[in-house]
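Definitions are given where each term is first used.

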Amino acid sequence: MDPALLKEREAFKKRAMITPTVERKPKLETVSVAPKDECKKKMRPPSAPKLDANTYKTMTGSSQYKFGVLAKIVKHMRTRHQEGDDHPLTLEEILDETNQLDVGQSVKNWLAAEALMNNPKIEVTSDGIRFTFKPVYKIKDGKSLLRLLKSHDLKGLGGILLDDVQESLPHCEKVLKNRASEIIFIVRPIDKKKILFYNDRTANFTVDEEFQKLWRSATVDAMDDAKIDEYLEKQGIRSMQDHGPKKPVPKRRKVASKKRQFKKPRDNEHLADVLEIYEENTLTQKGNNPT
């Protein structure tokens, strides 16, 4: 063996003996056992399955969803009518235009057989398959609107709500703008809704200012009909008693009650001149004489 290597080996041993070494012992891991109650608290509850939008729409028990579909259909049919599209549609066409083709079959059956049939805003055609919007009034243009307002004025039915006209008349704003001179708009003080009346120009006349002042000075807000009649009678004015045409009262037929008279039994008076009295002598004589 090489003597140089031996010297280096001896020198390495001496250096190793001089330098101190510290051994590191491995640490023991401490495991803490938690009580059962804390373990139950830390356990997470099982997560519920997430609802998918498509599966939710097909659920048959969701009545809120069904009526939501119906409300969307009625709103779409009203919008179509107001825009001038009044041709009837099938249920599939309605669902296609409202982007509701993913509804379940049970909801479709409910719409076709019950919901659309009984809805007051939906009208069913004669074939029973197609549906249209059913407005409050059958008006299509300005002429039909004026005809309706005039008939209400002549019959004394009053005005028509603007909301009903907007729902029934296609392109309502344009028609009302063109017919503004023939229609009177009045705001109802109760609910601030606009009422439409026919502007009858034949009823336009000027009233003297004195009559206007007298009319405005008369306050009858806190008086009822009985007090007004009493006031007019004191002033020598006879008030109207009948405020409308009388309805004819059907006449009742008088049924004459005939009393039955008791008739005494009568003899044969009509045979008074024919009857003969037979005495005993004549009877014996007639019996002895042979015939």
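## Hairpin, helix and pockets

Lys 192 takes a positive phi near 60° in the hairpin of β4 and β5, which has six residues between the strands. The model is predicted, so local features need pLDDT of at least 70 and side-chain atom pairs count only at pLDDT 80 or more, while totals for chains, interfaces and linings use all residues. Residues are numbered from 1 along each chain as its sequence is written, and side-chain values use heavy atoms, with hydrogens and water left out.

Helices (H or I, at least four residues) and strands (E, at least two) are DSSP runs numbered from the N terminus. Two strands pair if DSSP finds at least two bridges between them; β4 and β5 pair in the antiparallel sense over five bridges. Leu 196 in β5 is the bridge partner of Phe 185. The loop between β4 (183–187) and β5 (194–198) also holds Asp 191. The side chain of Asp 191 makes a polar contact with that of Arg 188 at 2.7 Å. Such a contact is a pair of N or O atoms within 3.5 Å; within protein, one must be able to donate a hydrogen and the other to accept it, and residues adjacent in sequence count only if both atoms are side-chain atoms.

Helix α4 (residues 63–82) has 20 residues and should span 28 Å at 1.5 Å a residue; its end C-alpha atoms are 29 Å apart, which agrees. The expected span is 1.5 Å times one less than the number of residues. Buried residues (under 20% relative accessible area, 1.4 Å probe, protein chains only) of α4 include Tyr 65, Val 69, Ile 73 and His 81. Just after α4, Gly 84 takes a positive phi of about 100°.

A pocket is an open set of points on a 1 Å grid over the protein atoms alone, where a 1.4 Å probe fits, with protein on both sides within 12 Å along at least five of seven lines; lining residues have an atom within 4 Å of a point.

| Pocket | Volume | Lining by class |
|---|---|---|
| Largest | about 280 Å³ | nine nonpolar, two polar, no charged residues |

The largest share of the lining of the largest pocket, three residues, comes from α11. Trp 215, Met 223 and Tyr 231 are among the residues that line the largest pocket. His 81 and Gly 84 are among those lining the second largest pocket, as are Asp 86 and Lys 138.

Conventions
Grid points are joined across faces, edges and corners, and a volume is the space filled by probe spheres set on the points. Ala, Val, Leu, Ile, Met, Phe, Trp, Tyr, Cys and Pro count as nonpolar, Asp, Glu, Lys and Arg as charged, and the others, Gly among them, as polar. Buried means under 20% relative accessible area, exposed over 50%, partly exposed in between (1.4 Å probe, protein chains only).
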